[in-house]
Amino acid sequence: ENRWLARQERFRLNAEMVRDNALALGGLLVDKVGGSSVKPYQPPGYWAYLNFPVREWQNGAGDELYRRSLYTHWQRQYLHPAMLAFDAPSREECTAERARSNTPLQSLVLMNDTEFVEAARAFAELILRTGKTSARERIEWAFMRALARPPAEAEIEVLEQLAENQVAEYRDDVESAEALVSVGARPAPEDLDHAELAAWTNVARTIFNLHETITRD
């Protein structure tokens, strides 16, 4: 009945914004404007069939890894694979409107891609440094930062159980905890318990995979 003053469609963020959002949630995003192209993490061997000459992607260093996705080096049909998974065009021809798909590969990128795992660990560090002592308080803080809303009771219960189980597992498997908190170029903090950090990294990865986290409402 046209009673609303304003309304808009709900749609998934564009590929570049999915990555930028994850970096911003972890406090890693570098908001510098301008400059040369940069090379964030990319799987080795992705350019294996790119000839004349044969070449290999070299990951950047320092702030280059966390610049806005707008500045990512673009190799025509060999565009950055994480952006390809989220429907970024190859730029070989004009794209008036991007397609928006929903595939399992996108979830795998959010869960396992180096840049998203590192961003999740940075997000977990922020969660642990809030001064909140209970899992419930930490989850509520994380939801407000990531989704701008408080979590539902069912969501709190699931994530509390996840955090509890993960802490127990990583205390029994220190090597796995160290491997997880060592993903990416950013050093793991020495003043935080790495088993707890690894557990909350997985909580953060779960939040990154929520529909709301990558969707504009």
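**Close-up views of a predicted model**

**View A. A patch of negative charge on the surface.** Glu169, Asp172, Asp173 and Glu175 gather in a surface patch of negative charge. The model shown here and in the other views is predicted. Asp173 sits in the loop between helix H6 (153–172) and helix H7 (174–181). With a relative accessibility of 33%, Asp173 counts as partly exposed.

**View B. The aromatic pair Trp47 and Trp57.** The whole structure contains 4 aromatic pairs. In one of them, the ring centres of Trp47 and Trp57 are 5.3 Å apart and the ring planes stand at 85°, so the pair is edge-to-face. Both residues belong to the loop between helix H1 (15–25) and helix H2 (81–85), 10 residues apart. Trp47 is buried, at 3% relative accessibility, and Trp57 is buried as well, at 7%.

**View C. The aromatic pair Phe123 and Trp141.** Here the ring centres lie 6.4 Å apart and the planes meet at 40°, so the pair of Phe123 and Trp141 is tilted. Phe123 comes from helix H4 (residues 114–128) and Trp141 from helix H5 (residues 135–147), and the two are 18 residues apart. Phe123 is buried, with 0% relative accessibility, whereas Trp141 is partly exposed at 27%. Together with Phe208, these two residues form one aromatic cluster.

**View D. The salt bridge between Asp87 and Arg12.** A search of the whole structure gives 12 salt bridges. In one of them, the side chains of Asp87 and Arg12 meet at 3.0 Å, N to O. Asp87 is in the loop between H2 and helix H3 (104–112) and Arg12 is in strand S1 (residues 11–12), so the bridge ties together parts 75 residues apart in sequence. Asp87 and Arg12 are both buried.

**View E. The salt bridge between Glu125 and Arg186.** The side chains of Glu125 and Arg186 meet at 2.8 Å, N to O. Glu125 belongs to helix H4 and Arg186 to the loop between H7 and helix H8 (194–208), so this pair joins parts 61 residues apart in sequence. Glu125 is buried, with a relative accessible area of 7%; Arg186 is partly exposed, at 27%.

**View F. The salt bridge between Asp193 and Arg171.** The closest N and O atoms of this pair are 2.5 Å apart. Asp193 lies in the loop between H7 and H8 and Arg171 in helix H6, so the bridge links parts that are 22 residues apart in sequence. Asp193 is partly exposed at 34% relative accessibility, and Arg171 is partly exposed at 47%.

**View G. A network of salt bridges.** Salt bridges link Arg19, Asp20 and Glu115 in a network.

Terms used. Residues numbered from 1 in each chain as written. Predicted model: local features only at pLDDT ≥ 70, side-chain atom pairs only at ≥ 80, totals over all residues. Heavy atoms only, no water. Patch = residues over 30% accessible without salt bridge, like charges linked within 9 Å, V, L, I, M, F, W, Y side chains within 5 Å. Areas by Shrake-Rupley, 256 points an atom, 1.4 Å probe, with all protein chains shown as cover. Salt bridge = Lys/Arg side-chain N within 4 Å of Asp/Glu carboxyl O. Lys, Arg positive; Asp, Glu negative; His and termini not counted. Charge placed at Lys NZ, Arg CZ, Asp CG, Glu CD. Helix = DSSP H or I, 4+ residues; strand = E, 2+ residues; numbered from the N terminus. Buried < 20%, exposed > 50% of the residue type's maximum accessible area, 1.4 Å probe, protein only. Phe/Tyr/Trp six-rings, centres within 6.5 Å; stacked < 30°, edge-to-face > 60°.
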